[in-house]
Amino acid sequence: MRKRWLFLMLSAFLLLLPEPAAAVPLTNVQVLIDVGHGGVDSGTSHGTIFEKEINLEVGKRLYWILTEKGYRAVLNRDRDVALSDENQWLNNPSRHIRDLAQRRQLAKEIRPQLMISLHVNWSSDGRRRGPVVIYQQNEQSYWLASLLQDAMNQMAKTNSRPVKGRTYYLLRHDYCPTVIVEMGFISNYADRTMLTNPEQQEKLARVISDAIGEYLLLSGELAGDGSRASMGEQKRTWWERLWHPVRN
């Protein structure tokens, strides 16, 4: 049953390829972009503004920026779908658990160097604003979260610190350093305006990308000689061509 599930998952994954990919190994992924929610799960909302749509827009922009810099990145959803629908292997009545398990299992199978999970926050206090990065209980995740939090604080003009995530299902693994990035509060007018503005979404994605690049360089995990420029000049790899969303 386990082998059958893995075959079905990888088969569905390979459908995203723009050309045949026989005998190409699933390896050397640097960044797995986990696009939060999707499909029937809209996440948090404000009127007709849904978290799932913001996550997807920023996620696609982040993917493009990373790949244009020469990094190997993968999106786990490219459109408005619920990943729980793809999970036929976990016998659990909770759609939410199946969704989270599908996201975490992909990290287990492809073993990226890091995983970024994009989300939007909400509070009953409309004054609360700014990004919050939640990390695993390990040094690598904290290091990544700190770089992201500092970079996003500068953009938002806030001074928040990363938060340790003790109860988050997505963070309870050791496959790769993983963080949850709450990009802002949909319940706050200023954050909501920023999160729904295409130019600000691009800027946010670029800030996140820069922090990811800094982490990869400082951790010594960047492939090749560590030069982003030289990586950008290399021939595009299969992983870089895995999923190319249409850019607006």
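This is a predicted model: local features need pLDDT of at least 70, side-chain atom pairs count only at pLDDT 80 or more; totals for chains, interfaces and linings use all residues.

User: How far apart are the end C-alpha atoms of α4, and what should the helix span?

Analyst: Helix α4 covers residues 139–156, which is 18 residues, and at 1.5 Å a residue it should span 26 Å. Its end C-alpha atoms are 25 Å apart, so the two values agree.

User: What happens at the start of α4?

Analyst: There, a side-chain oxygen of Asn138 reaches to within 3.2 Å of the backbone nitrogen of Gln140.

User: Where is His37, and is it buried or exposed?

Analyst: His37 sits in the loop between β1 (31–35) and β2 (45–46). Its relative accessibility is 16%, so it counts as buried. Arg111 belongs to the loop between α3 (95–110) and β5 (114–121), and at 44% relative accessibility it counts as partly exposed.

User: New topic: how many salt bridges are there?

Analyst: The count comes to ten. Side chains of opposite charge can pair when their charged atoms come close. One of these pairs is Glu57 with Lys60, whose side chains meet at 3.9 Å, N to O.

User: How are Glu57 and Lys60 placed in helix α2?

Analyst: They are three residues apart in α2 (residues 51–68), so about one helical turn separates them. Glu57 is partly exposed, with a relative accessible area of 23%, while Lys60 counts as buried at 16% relative accessibility.

User: Which parts does the salt bridge between Lys69 and Asp210 tie together?

Analyst: In that salt bridge, the closest N and O atoms of Lys69 and Asp210 are 2.5 Å apart. Lys69 lies in the loop between α2 and β4 (73–75) and Asp210 in helix α6, so the pair ties together parts that are 141 residues apart in sequence. Lys69 is buried, with a relative accessible area of 17%, whereas Asp210 is partly exposed at 36%.

User: What about Asp78: which residue does it form a salt bridge with?

Analyst: Asp78 pairs with Arg79, and their closest N and O atoms are 2.3 Å apart. Asp78 counts as buried at 15% relative accessibility, and Arg79 counts as partly exposed at 45%.

User: And which residues are linked in a network of salt bridges?

Analyst: Arg61, Glu202 and Arg206 are linked that way.

User: Last one: where is Tyr168, and what does it touch?

Analyst: Tyr168 lies in the loop between β7 (163–164) and β8. Leaving out residues up to four places away in sequence, Tyr168 touches Ile134 and Ile180. The C-alpha atoms of Tyr168 and Tyr135 are separated by 9.5 Å, and these two residues are 33 residues apart along the chain. At 35% relative accessibility, Tyr168 counts as partly exposed.

How values were computed: Residues are numbered from 1 along each chain as its sequence is written. Side-chain values use heavy atoms; hydrogens and water are left out. Helices (H or I, at least four residues) and strands (E, at least two) are DSSP runs, numbered from the N terminus. Buried means under 20% relative accessible area, exposed over 50%, partly exposed in between (1.4 Å probe, protein chains only). The expected span of a helix is 1.5 Å times one less than its number of residues. A polar contact is a pair of N or O atoms within 3.5 Å; within protein, one must be able to donate a hydrogen and the other to accept it, and residues adjacent in sequence count only if both atoms are side-chain atoms. Contact means heavy atoms within 4.5 Å. A salt bridge is a side-chain nitrogen of Lys or Arg within 4 Å of a carboxyl oxygen of Asp or Glu.
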